[in-house]
Amino acid sequence: MSIDPLLSWRKEFPIVETCTYLVSHSLGAMPRRTSTYLQQFADEWSSRGVRAWHEGWWEVGRMTGDLLAPVLGAAAGTISMHQNVTVTMSIIASCHTFGGKRNRIVMTDLEFPSNMYLFEGFRRYGAEIVYVKSADAMRTDLDALLDAIDERTVLVPLSYVLFKSACIQNAAAVIEKAHKVGARVILDVYQAAGTVPMEVEGLRADFAVGGSVKWLCGGPGAGFLYVRPDLATELEPAIVGWAAHAHPFEFATGKIAYADAPERFQSGTPNVPSLYSARAGYEIVREIGVPAIREKSLRLTRRLIDLAQQAGFRINTPEADEERGGSVIIDVPDGQRVAEELIRREVIVDYRPGAGIRMAPHFYNTAEEIEHAMEMLVSIVGAAQA
Ligand SMILES: Cc1ncc(COP(=O)(O)O)c(C=O)c1O
């Protein structure tokens, strides 16, 4: 049997020695070196105090964005860092107006609910929100989505990989249609970044947003915002703060003089500890390379699907490799309770209503863990039905 070279990374992730960790679509395992970076942050604060701002802290957003850029297929200097995706979406929305004839935000009903909650709030500024009904719980109706994007459309938030089904969406087709009618696409790459290779620049995405909690193993508090370089020079976010000023330390009053990108999309003081925390995961994902992660992910998710089907379970994830992201969603009776029992048995997964139990192998998982998780699942469901 050939040895999986990615398994040498297991020793860098302490939690995988304590349980069967199959939940990287929710919270990626913490790398050992994250502790080193967080300790470095504490040491700098403790020993350098306020001087730390000018010894690296002030630039930490740009530096972190540049570290991430190749993982997304973006150039250096195109990514700013924020607390989470919701904040990045708000900043993007604040670059646009919704009072005229072009006032629509078009998305499918399979988008992550935050997008809906956020953009619903923009109705007060004149926005009209159009939800395109999906074909089923797994896939968007692409034709219906393309038809809904027209000259009245301002923005199209689009998950590259859907959180409920792990279906990879046809971003190229949506971006092409949006650009034809003068609309802009916000590609939400959260469920893809670190497990599905991508080229946000090649796709001509107007914006790409995501966070570090999941496949990037970067922990909470490090959301990212990519803006297409030619757009970035003309956009003027209304949600903005002093860190977005061209000369923040002059503390000029009145209207802002925007910095160049990516700082012009910054709000206030950077979230330094979260950005130190994110560094280790980004470094590791870069070092392994997303294509190698993807190759292994496809192999293990295929095995999960085969075993689940042999057990007679329904799969709510596309079976075709080219359409499948990093997780497999398995629909079993009483899924919430079954997921709780799996966790009690140290098989760490999660459950989403209307979808099922989500399992997500990452580069640090073994083929044996997949077999073990499925054995546990079969025995729990079997016991409940007996
Ligand atoms: C596709 C997608 N977008 C957005 C979010 C939420 O992001 P945040 O909590 O950073 O706002 C999630 C979280 O699970 C997600 O899966």
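**Ligand site and aromatic pairs in a predicted model**

At 0% relative accessibility, Phe 119 counts as buried, where buried means under 20% relative accessible area, exposed over 50% and partly exposed in between, with a 1.4 Å probe and protein chains only. The model is predicted: local features need pLDDT of at least 70, side-chain atom pairs count only at pLDDT 80 or more, and totals for chains, interfaces and linings use all residues. Residues are numbered from 1 along each chain as its sequence is written, and side-chain values use heavy atoms, leaving out hydrogens and water.

**Ligand surroundings**

- Around the ligand stand Asn 84, Val 85, Thr 86, Phe 112, Phe 163, Asp 188, Tyr 190, Gln 191 and Lys 214, each with a heavy atom within 4 Å of the ligand.
- This shell divides into four nonpolar, three polar and two charged residues; Ala, Val, Leu, Ile, Met, Phe, Trp, Tyr, Cys and Pro count as nonpolar, Asp, Glu, Lys and Arg as charged, and the others, Gly among them, as polar.

- A polar side-chain atom of Asp 188 lies 2.6 Å from a ligand nitrogen atom, a polar contact being a pair of N or O atoms within 3.5 Å.
- An N or O atom in the side chain of Lys 214 is 2.6 Å from an oxygen atom of the ligand.
- Val 85 uses its backbone: an N or O atom there lies 2.8 Å from a ligand oxygen atom.
- Of the 410 Å² of accessible area that the ligand has on its own, the protein covers 84% (Shrake-Rupley method, 1.4 Å probe).

**Aromatic pairs**

- The whole structure holds 17 aromatic pairs, meaning rings of Phe, Tyr and Trp (its six-membered ring) with centres within 6.5 Å; planes under 30 degrees apart count as stacked, over 60 as edge-to-face and the rest as tilted.
- One of the pairs is Trp 53 with Trp 58, edge-to-face at 5.9 Å centre to centre and 75 degrees between the planes.
- Trp 53 is partly exposed because its relative accessibility is 22%, whereas Trp 58, at 18%, is buried.
- Phe 119 and Phe 122 form a tilted pair, 6.2 Å centre to centre with 50 degrees between the planes.
- Phe 122 has a relative accessible area of 12% and is therefore buried.
- One aromatic cluster is formed by Phe 41, Trp 45, Trp 53, Trp 57, Trp 58, Trp 242, Phe 249, Phe 251 and Tyr 276.

Notes
Polar contact = N/O pair within 3.5 Å; in protein donor to acceptor, adjacent residues only side chain to side chain.
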